[in-house]
Every structure is written in C-alpha cells, then in structure tokens.
Amino acid sequence: MTIKYLFLVSKQAKIRLVKWYTTLSHKEKAQTMKEVSQLVLSRKPKQCNFIEHRDTKVVYRKYASLYFVAGIGLDDNELLTLEIIHRYVEVLDRFFGNVCELDLIFQFQKAYFILDEMIMAGELQESSKKIVLRAIAQQDETEAVENSERGWGNVNLEGVARTAMLTVQEFKQSFTR
C-alpha cells in the first residue's frame, strides 16, 4: 500500500500540514490540494470517508476542526489508511497532550517529525506508538544537548523566535553571524 500524499486541512480550508510521497509539479500539487479540500469540506458528516479523485482514492477523517486527508492508489486498502490516520492522531495526542490545531501551527516541525517516523516513502514504517514517541524524546534530548553546547541552555527558542516572527533556525543564525 502506497500513500501518495497526506495533508491536514481546517474547516476554513487552510492547509496545516502537507507531505507528498509522489513527484508532481508545484502547480499539480496546488491544484490537487485545492480540489480535494473542496471535495472533502463539502461532504456531509454522514457520508462515506472515501472519494475517488482522478487516479487516486481519497481517504479522510475529521478530528475536531481538522480533516486528515490521504491519497492512495485505486487498489489500496481504505480501511488500513483510516487506521494509519488514526494512529498518527493518537501519537500526536500522546505527544502534545490532546492535540489541537494551534499545536500543529506552532510546533509543525514536531508534527512532521512524527509523520516521518511513522511513514517513509508512502509506506508505513513504524506502527508502535511507544517506539515513535521514544524516537521523538531522543530527538528532543539531542536538540537540548546541542543547544546547551552552543550556549543556548534551556531557552525556549520556539517561543522567542515566534515573538520575533522568525523561524528558530533564522533566530539562531542571527546570533551566529
């Protein structure tokens, strides 16, 4: 089973996270996201969570104000894709403690890291929540050690960078020039 893309879209049609596992031009990606978002957002809650769109099957699930949308091949298993989406949401919940849209906006790099730990090249790589969360904890420890080696200590770089309207990387670079 190969996932072609996975994205999160809010009720207001704002894309919150996008991961592509196939090669398409930027224009094709934008067109696909627009069309699929409109299809998903226009559906009623009682309707089926599977839609055929062009050469893919779109599988989606709504959690609170976000729709988790995945595009798969026409011959792939929709129920397995729903389970993968659900597992991703469970890991996000466990990591963030009842995840909300703001968590994904302000800590998007963690959401991508979790997704990358679970899915690689469109294939499920790790289904264990414990192993994924352990990898995230190790990454956080490594980041903390690197920050302390650079003299950053326990500074909340994400919060400081956000107030300066910079990415953490831009914020760090501004001091190393």
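Begin by selecting Thr 32, Met 33, Val 36, Ser 37 and Val 40, the buried residues of helix α1; buried means under 20% relative accessible area, exposed over 50% and partly exposed in between, with a 1.4 Å probe and protein chains only. These residues lie on the same side of α1, because they cover an arc of only 125 degrees around the axis, the arc being that of the directions from the helix axis to the C-beta atoms. An α-helix has 3.6 residues a turn, so residues three or four places apart point the same way.

The model is predicted: local features need pLDDT of at least 70, side-chain atom pairs count only at pLDDT 80 or more, and totals for chains, interfaces and linings use all residues. Residues are numbered from 1 along each chain as its sequence is written, and side-chain values use heavy atoms, with hydrogens and water left out.

Next, display the whole of α1, residues 26–41. Helices (H or I, at least four residues) and strands (E, at least two) are DSSP runs, numbered from the N terminus. The end C-alpha atoms of α1 are 22 Å apart, which agrees with the 22 Å that its 16 residues should span at 1.5 Å a residue; the expected span is 1.5 Å times one less than the number of residues.

Five strands form an open sheet in the order β2-β1-β5-β4-β3, with antiparallel pairing; two strands pair if DSSP finds at least two bridges between them. At the edges are β2 and β3, each of which pairs on one side only.

Zoom in on β1 and β2, an antiparallel pair joined by 5 bridges. Here Leu 6 stands opposite Lys 19, and Phe 7 stands opposite Val 18. The two strands form a hairpin with 4 residues between them, and Ala 13 in the turn has a positive phi of about 70 degrees.

Move to Thr 56 in strand β4. Is Thr 56 buried or exposed? At 5% relative accessibility, Thr 56 counts as buried. Leaving aside neighbours within four places in sequence, Thr 56 is in contact (heavy atoms within 4.5 Å) with Lys 4, Tyr 5, Ile 51, Ile 72 and Leu 74.

Finally, select Cys 48, which counts as partly exposed at 42% relative accessibility, and Cys 100, which counts as partly exposed at 36%. The count of disulfides comes to 0, a disulfide being a pair of cysteine sulfur atoms within 2.5 Å.
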